[in-house]
Amino acid sequence: AYACTSVCLTCTAQHRESVLVKSHCNMSQFEEPEQQLLPVLAIAAWKALIFIFKLLSSAQYRPHAPEPDDFERLPSTYRTALVVTTMKSRKVNFADCLVSWVRCKPDVIIMVAAASESAEIERLCRAAIAMLPSECASVVDAGDDLRNIGTAIRVIQADGASKRHQMVAGVRAIADQNSDIVVFQDDDSLWPPGLLAWLLKPFERRNCGAVGTSQAYVPMSTVPSVWEACAEAMLTQQFLDIAATQVLDYGCQSIPGNSIACR
């Protein structure tokens, strides 16, 4: 029995070795290294061609730039409401973001938070606007008189920490504000000075229904990490896609949700 087992194992090992040798010979016979690289090079060339086409098309994109007097005229012409969906995990630069929105002079900012976070969000809002003159903004409650207080900031509660539910709650909260433009805003986006005028300028055309923004990633330190560089590359690619389609057929396949203005 031992001898038979040894013979069987030896034959099996020889058979496996012969199969491996034969398979290796077949691969080396029909698939040369150069042939294996051809599909990869073809895909890389196609992707590079598409990128160059997008780059050339997006270079011709020209947004509707506001005139010098529009930075004061447009915020006072259109009644604008910001609906800000806020999460507990994103509070690193919350005060800076809120101050940047207030300086652009919207009429009302609705901060939508979960029930367990609303008190903390209201405390952060009061601490942030304390850095501004008192006439710039005030935290108000429902039913308060909004005249002569600059930007009114109101904190409301949503059913849960879900952006979709928070956006719905924010829209319902501004139903009685008679707003012309609603800006859906994430709580971690900084606005440069005058951004609201850039958002409102395209709405002077009656066929404009929504306006988006280009975005840039702000690194957490002076030297960006690899992941921060990847995030910046992703945002750049997104902008190239949108700008190219705007130039080619005046269409837009998507609008970034960080800051989107709707009529």
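This is a predicted model: local features need pLDDT of at least 70, side-chain atom pairs count only at pLDDT 80 or more; totals for chains, interfaces and linings use all residues.
Side chains of opposite charge can pair when their charged atoms come close. The side chains of Asp70 and Lys201 meet in this way, with an N to O distance of 3.1 Å. Asp70 belongs to helix α3, whereas Lys201 lies in the loop between α7 and β6; the pair is 131 residues apart and links distant parts of the chain. The count of salt bridges in the model comes to 10.

The strands were examined next. An open sheet of 7 strands is present, with mixed pairing and the order β3-β4-β2-β1-β5-β7-β6. Its edge strands are β3 (137–139) and β6 (210–211), each of which pairs on one side only. Strands of a sheet pair through backbone hydrogen bonds, either parallel or antiparallel. The parallel sense is found for strand β1 (residues 80–85) and strand β2 (residues 108–114), which pair over 5 bridges. Within this pairing, Val84 has Met111 of β2 as its bridge partner.

Two helices pack on the sheet around these strands. Helix α4 (residues 94–102) touches β1, β2, β3, β4 (151–158) and β5 (181–186), and its direction makes about 150° with that of β2. Helix α5 (residues 118–129) is in contact with β2, β3 and β4, and the direction of helix α5 makes about 165° with that of β4.

Antiparallel pairing involves strand β7 (residues 259–262). This strand pairs with β5 over 4 bridges in the antiparallel sense, and Val182 has Cys262 of β7 as its bridge partner. Strands β6 and β7 likewise run antiparallel and are joined by 2 bridges. In that pairing, Cys262 of β7 is the bridge partner of Ala210.

The remaining feature is the largest pocket. Rolling a probe the size of a water molecule over the atoms shows where empty space is left. The largest pocket has a volume of about 1,600 Å³. It is lined by 50 residues, of which Gly212, Thr213, Ser214, Gln215 and Ser259 lie nearest its centre. At least two residues of the lining are supplied by each of α7 (195–200), β6 and α8 (226–249). Helix α8 gives the most to the lining of the largest pocket, with 9 residues. By class, the lining of the largest pocket divides into 29 nonpolar, 16 polar and 5 charged residues.

Technical notes:
Residues are numbered from 1 along each chain as its sequence is written. Side-chain values use heavy atoms; hydrogens and water are left out. Two strands pair if DSSP finds at least two bridges between them. Contact means heavy atoms within 4.5 Å. Axes are lines fitted to C-alpha atoms, for helices over the stretch in contact, and angles run from 0 to 180 degrees between N-to-C directions. On a 1 Å grid over the protein atoms alone, a cavity is a set of points where a 1.4 Å probe fits but cannot get out, and a pocket is an open set with protein on both sides within 12 Å along at least five of seven lines; lining residues have an atom within 4 Å of a point. Grid points are joined across faces, edges and corners, and a volume is the space filled by probe spheres set on the points. Ala, Val, Leu, Ile, Met, Phe, Trp, Tyr, Cys and Pro count as nonpolar, Asp, Glu, Lys and Arg as charged, and the others, Gly among them, as polar. A salt bridge is a side-chain nitrogen of Lys or Arg within 4 Å of a carboxyl oxygen of Asp or Glu.
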